[in-house]
Amino acid sequence: MEKKRIVSGMRPTGPLHLGHYFGVLKNWVKLQEEFHCYFFVADWHALTSEYADPKKIKGFVPELIKDWFASGLDPDKCTIFLQSQVKEHAELHLILSMITPLGWLERNPTYKEVKQELISKDLNTYGFLGYPVLMAADILMYRPHFVPVGQDQLPHLELTREIARRFNFLYGDFFPEPQAKLTEAAKLPGLDGRKMSKSYGNSIYLSEDMDSITKKVMSMLTDTNRKRKKDPGDPNVCNLYPYHRLMTPEDTRAEIKENCSKALWGCVDCKKVLLKYLHEFLEPIQKRRQELDKNPEMVTEILDKGYAQAKMAAQENIGLIREKLNLNY
Ligand code: TRP
């Protein structure tokens, strides 16, 4: 039986951190075993907000591929490619823009939020308003069954489905309505307890060295009610414990809980244990990354291979779409 298809992408806006790994990547790595996965670097999407500084985006592209490969994405199991190389996405974006009512885009909650958040950038552009149309094109290009995304992307995916329905209504059934595949991943807070985000400076990066990580972990806030070592702590409100939950073996976790709540351990003891397991977790990831650092041509090889596969599927589908619109000259 043919495998079901999956499409997802990430913008190249910086190095990936543990939040990305546990929130998205870990899931992608699992999905590549079971589905026909298209994972792409959304460099055009990065341009919608970073258009004034495109050099930066270019630098982040190989880094993102390295982070993906290091985390376990395997170019022999999934299609890894760069959005701007597969120009069919742009053609489909144009076609979909013809049938997308402005109201759908203006009402999009993410559009309003991000525009307010990034007041330092002028986002009063055609491209930024059309962000979800481009995303719909990325997705529908491969007629996938599922799209693994975070909660924050759900409004965009809903719009993709609406655009697909409208296309099918106007030109006849063609696109399946792609379903979200939400990660059931536990949330990993940043070092300060807020969401882990590059812009908050509260992240641990997948490519970060252990010395730097040790400094960060040692200065992390823990259970703020625990003023002295002899006060009992509560792992349920401690900011460190979610890290243990994701990286520390279960029996050790039970020990931690006991030692913390009975005030037998101080937070430094607990942090040392975490550093041991963080190290164990990151070591294989960083080893795989070194392979690419030593052979940078591998990044190009991965992208070339993915390009060929994505291009073939995209060309076939865009041909059919042109026919639907009487654009097949
Ligand atoms: N908007 C997504 C994000 O910011 C990136 C993205 C672009 C994407 N195109 C996509 C995700 C298609 C899934 C499918 O994370």
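1. In the classes used here, Ala, Val, Leu, Ile, Met, Phe, Trp, Tyr, Cys and Pro are nonpolar, Asp, Glu, Lys and Arg are charged, and the others, Gly among them, are polar. By this scheme the shell around the ligand has 7 nonpolar, 4 polar and 2 charged residues.

2. The model is predicted: local features need pLDDT of at least 70 and side-chain atom pairs pLDDT 80 or more, while totals for chains, interfaces and linings use all residues. Residues are numbered from 1 along each chain as its sequence is written, and side-chain values use heavy atoms, without hydrogens and water.

3. Around the ligand are 13 residues (near means a heavy atom within 4 Å). R11, H45, Y131, D138 and Q153 come nearest.

4. Polar contacts are pairs of N or O atoms within 3.5 Å. A polar side-chain atom of R11 is 3.0 Å from a ligand oxygen atom. For Y131, a polar side-chain atom lies 2.7 Å from a ligand nitrogen atom, and for D138 an N or O atom of the side chain lies 2.8 Å from a ligand nitrogen atom. The protein covers 92% of the 370 Å² of accessible area that the ligand has on its own (Shrake-Rupley method, 1.4 Å probe).

5. Helices (H or I, at least four residues) and strands (E, at least two) are DSSP runs, numbered from the N terminus. The largest share of the shell, 4 residues, comes from α8.

6. Strand β2 (residues 36-41) is largely enclosed by the rest of the structure, because 5 of its 6 residues are buried (under 20% relative accessible area, 1.4 Å probe, protein chains only). In β2, F39 stands opposite S8 and also opposite I80 of β3.

Conventions. A polar contact is a pair of N or O atoms within 3.5 Å; within protein, one must be able to donate a hydrogen and the other to accept it, and residues adjacent in sequence count only if both atoms are side-chain atoms. Buried means under 20% relative accessible area, exposed over 50%, partly exposed in between (1.4 Å probe, protein chains only). Two strands pair if DSSP finds at least two bridges between them.
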